[in-house]
Amino acid sequence: MERKESIAVVLMFVVVILAIVTVNFVLFETIISNVSAVETAIGIGVYWDVNCSSRVDSIDWGVLYPGEVKEVRVYVRNELNESFILVLTTVNWNPENASRHLDFSWSAPALVKVSEVVEVIQVLSVSSHTIGISDFSFDIILEGIVITPDINGDGIVNIMDIAIVAQAYGAKYNETDGMYWHDPPCKYCPHTGDADLNSDEKIDIRDIALVAKHYGEEL
Ligand SMILES: [Ca+2]
Ligand SMILES: [Ca+2]
C-alpha cells in the first residue's frame with residue numbers, strides 16, 4: 001500500500017514538472033518586438049546623447065521575452081525659458097490589451113530647469129504570463145508642466161509664497177469657478193490655482209515642496 005502511494009506521489013511530481021516545462025516553452029516562444037514613436041511638446045528636446053546632438057524620434061525596444069525587463073536611456077533638454085516638471089505618458093497601445101502585459105515606467109529628476117539636460121530612464125517590463133502577442137506598439141508622450149514658485153509675483157521665492165500654499169493646503173479644484181476650495185470652505189476660500197504648482201488639481205505637500213525647492217531664488 002505504502003509503495004503504491006509513493007509511486008502515486010512520484011507520478012504527480014512528474015506531471016507537475018512536465019506542465020511547468022511546457023508552459024515555459026510556450027512562453028519563451030512568444031517574441032515581442034516593437035517600435036515606440038516619441039512625441040514631445042514644444043520646448044522639450046529628447047536626445048540619445050547628453051550633448052544633445054542626436055534627436056530621438058522613436059525607440060526600438062527590440063525583441064523581448066516574457067519576464068524580460070528592458071531599459072532605454074534618453075536625455076531631455078529644457079528648451080523653454082521656464083522650469084518644468086517632466087511627465088511621460090503612453091497612448092495608442094496596439095493591440096489594446098498589450099498594456100496589460102507590458103508595464104512602462106520611467107524615472108527622471110522632478111524638475112528640469114531652463115537649458116538643463118536630464119537623464120530619463122524608461123523601463124519596459126514584460127509580464128511573465130504574456131502569451132499571444134507577437135507585435136505591439138505604443139507612443140510615448142513627453143510633456144512639461146511649467147511651474148512658477150514665485151506665486152505672488154514679487155520676483156523672489158520666499159516665505160510669502162509658502163504661506164499662500166500653506167493657507168490653501170488641502171483645497172481642491174472646483175470645475176464650476178476654476179478656483180480651489182476646502183471642504184467645508186475655510187474663511188480664506190476660494191484659493192488661487194497658482195498654488196497648485198504641479199497642476200494635479202489639489203494643493204498639498206508636493207506643492208509646498210516645489211516652492212521650498214526654489215526657496216530664495218530670484219526670478
Ligand atoms: Ca514671491
Ligand atoms: Ca498640487
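Start with Ile 59: setting aside residues within four places in sequence, this residue is in contact with Val 35, Ser 36, Val 38 and Val 72. Keep in mind that the model is predicted. Ile 59 sits in strand β3, which covers residues 58-64. Is Ile 59 buried or partly exposed? A residue needs 20 or more other C-beta atoms within 10 Å to be buried, and Ile 59 has 19 C-beta neighbours inside 10 Å, so it counts as partly exposed. As for Trp 48, 11 residues away from Ile 59 in sequence, the C-alpha to C-alpha separation is 10.0 Å.

Stepping back to the whole chain, there are 4 helices and 11 strands. Of its 219 residues, 21% count as buried. Take the contacts between residues at least 6 apart in sequence: 68% of them join residues at least 24 apart.

Now for the nonpolar cores. The largest one has 21 residues. Those with the most contacts inside it are Ile 147, Val 165, Ala 168, Tyr 180, Ala 195, Ile 203 and Val 211. Which elements each supply at least two residues of this core? They are the strands β4 (69-78), β5 (84-94), β7 (111-112) and β9 (137-146), together with helix α4 (205-213). In domain terms, at least three core residues come from each of domain 2 (31-146) and domain 3 (159-213). Another core, of 7 residues, lies apart from this one, and Trp 61, Leu 64, Leu 102 and Phe 136 are among its members.

Beyond its neighbours within four places in sequence, Ile 147 is in contact with Ser 83, Phe 84, Ile 85, Leu 197, Asn 198 and Leu 210.

Leu 210 brings us to α4, where it is buried along with Asp 207 and Val 211. These three are on the same side of α4, because they cover an arc of only 95 degrees around the axis. As for what covers the buried residues of α4, α3 (159-167) is included.

Most residues other than glycine have a negative phi, and most peptide bonds are trans. The exceptions to look at here are these:

| Site | Backbone feature | Location |
|---|---|---|
| Asn 94 to Pro 95 | cis peptide bond, omega near 0 degrees | Pro 95 in the loop between β5 and α2 (98-101) |
| Cys 189 to Pro 190 | cis peptide bond, omega about 0 degrees | Pro 190 in the loop between β11 (180-181) and α4 |
| Asn 92 | positive phi, about 55 degrees | strand β5 |

Asn 92 counts as partly exposed because it has 13 C-beta neighbours inside 10 Å. The exposed class starts at 12 or fewer.

Notes:
Residues numbered from 1 in each chain as written. Chains lettered and ligands numbered in written order. Predicted model: local features only at pLDDT ≥ 70, side-chain atom pairs only at ≥ 80, totals over all residues. Core = buried A, V, L, I, M, F, W, Y, C linked by C-beta atoms within 7 Å. Domains from an automatic or database assignment. Contact = placed C-beta atoms within 7 Å. Arc of directions from axis to C-beta.
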